[in-house]
Structures are given as structure tokens and as C-alpha cells.
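Please read them with the sequence and the model open beside you.

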Amino acid sequence: MGRRVAAVTTTVLTGLLIWYSASAIYRDSFATHPPDPRDLRCSEGVRDLHQLYRAAWAQPDAPADLPSLDRRLAGLRAVCEREGEAAADAWRRLERWRYRAGGHDALGRELLDDDARAALAYQSPGTSR
């Protein structure tokens with residue numbers, strides 16, 4: 001009897017974990033955000049977000065608020081889809097650029113940080129810190 005209770009309990013807990021994880025992934029993947037009030041036109045929103053992302057990545061020491069920019073990007077999608085296929089294509093291209101540029105920025109920082117650490121770790125003979 002004890003083995004059956006343990007099996008049922010384990011099965012129920014595993015099922016709840018799978019359900020919770022799947023719902024969290026679904027919520028994050030298919031979240032809809034309302035458009036930002038500043039984004040009245042798709043072209044203006046695309047240009048503004050492009051500059052904001054570039055400014056956020058240009059200052060590696062300052063904490064960038066990328067999640068709020070990503071929410072604004074997701075909200076801009078509805079504005080661009082209302083304007084037609086060309087605007088929706090511009091939004092898709094901006095989204096693709098955002099993730100590619102963010103990945104390149106992170107990769108560059110990781111690669112350059114290793115080189116900078118190695119260079120700064122060197123100490124000339126006869127010197128002290």
C-alpha cells in the first residue's frame with residue numbers, strides 16, 4: 001500500500017510541475033502587451049526603439065532596462081499590424097535585429113572581458129600592486 005501511495009503522490013506532483021512549467025512558458029511566449037502611448041505610428045516606434053536599444057547597448061556599465069524595451073517592442077506589434085503588411089514586416093525585422101544585436105553584444109562582451117581580465121592580470125617583473 002505504501003508503494004502505491006508513493007507512486008500516486010509522485011505522479012501527481014510530477015504532473016503539477018509539468019502543468020505549471022507549461023503554463024509559465026505559454027504565458028511568457030504568447031504574452032500580449034498594450035501599445036505604448038508614445039507609439040502612435042509604426043515607423044516612429046521602430047525608429048525610437050532602435051535608438052533606445054542602441055543607447056542601452058552603448059553603455060555597458062549602466063544597467064539597461066531591456067525588459068521594458070522588449071515589452072514596448074511587443075506592444076508595437078499591434079500598431080504595425082494595423083498599418084499593413086509593410087509595417088508588420090518592418091516590425092519583424094526590428095525584432096530580429098534586436099535579438100541578433102543583443103546576442104552579438106553579449107558575445108562581444110564575454111570575449112572582450114576575458115581578454116581584458118588576462119591583460120589586467122599581468123604584472124611586470126619587479127612591480128607590486
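1. The largest nonpolar core has 15 residues, and those with the most contacts inside it are Val46, Leu49, Tyr53, Leu73, Leu76 and Cys80. The elements that give two or more residues to this core are helix 2, helix 3 and helix 4 (85–121), and of these it is helix 2 that gives the most, with six residues. Please keep in mind throughout that this is a predicted model.

2. When its neighbours within four places in sequence are left aside, leucine 49 is in contact with Leu69, Arg72, Leu73, Leu76 and Leu94. In soluble globular proteins, nonpolar side chains tend to be buried together.

3. As for the overall fold, the secondary structure of the protein comes to four helices and zero strands, and the elements run α-α-α-α from the N terminus on. Buried residues make up 19% of the 129 residues in the protein. Among contacts between residues at least 6 apart in sequence, 61% join residues that are at least 24 apart.

4. The structure holds one disulfide, which is formed by cysteine 42 and cysteine 80, with their sulfur atoms 2.0 Å apart. Cysteine 42 lies in helix 2 (residues 42–58) and cysteine 80 in helix 3 (residues 66–83), so the pair ties together parts that are 38 residues apart in sequence. The torsion about the S-S bond is about 90°, and the disulfide is therefore right-handed.

5. On the surface, which residues form a nonpolar patch? They are Val8, Val12, Leu13 and Leu16, which together have about 370 Å² of accessible area. Leucine 13 is found in helix 1 (residues 2–29), and because its relative accessible area is 53%, leucine 13 counts as exposed. For the protein as a whole, the accessible surface comes to about 10100 Å², of which 59% belongs to carbon and sulfur atoms.

6. Turning to charged pairs, a search of the whole structure finds nine salt bridges. Side chains of opposite charge can pair when their charged atoms come close. One of the bridges joins arginine 41 to glutamate 44, with the closest N and O atoms 3.3 Å apart, and glutamate 44 is partly exposed, at 40% relative accessibility.

7. Within helix 3, arginine 77 and glutamate 81 lie four residues apart, about one turn of the helix, and their side chains meet in a salt bridge at 3.0 Å, N to O. Is this pair buried, or partly exposed? Arginine 77 counts as partly exposed, at 41% relative accessibility, and glutamate 81 is likewise partly exposed, with a relative accessible area of 46%.

8. A further salt bridge is formed by arginine 92 with glutamate 85, whose closest N and O atoms are 2.9 Å apart. Arginine 92 counts as partly exposed, at 35% relative accessibility, whereas glutamate 85 is exposed, with a relative accessible area of 57%. This pair belongs to a network of salt bridges that links Glu85, Asp89, Arg92 and Arg93.

Key. Residues numbered from 1 in each chain as written. Predicted model: local features only at pLDDT ≥ 70, side-chain atom pairs only at ≥ 80, totals over all residues. Heavy atoms only, no water. Patch = residues over 30% accessible without salt bridge, like charges linked within 9 Å, V, L, I, M, F, W, Y side chains within 5 Å. Areas by Shrake-Rupley, 256 points an atom, 1.4 Å probe, with all protein chains shown as cover. Salt bridge = Lys/Arg side-chain N within 4 Å of Asp/Glu carboxyl O. Buried < 20%, exposed > 50% of the residue type's maximum accessible area, 1.4 Å probe, protein only. Disulfide = S-S within 2.5 Å. Core = buried A, V, L, I, M, F, W, Y, C linked by side-chain atoms within 4.5 Å. Contact = heavy atoms within 4.5 Å.
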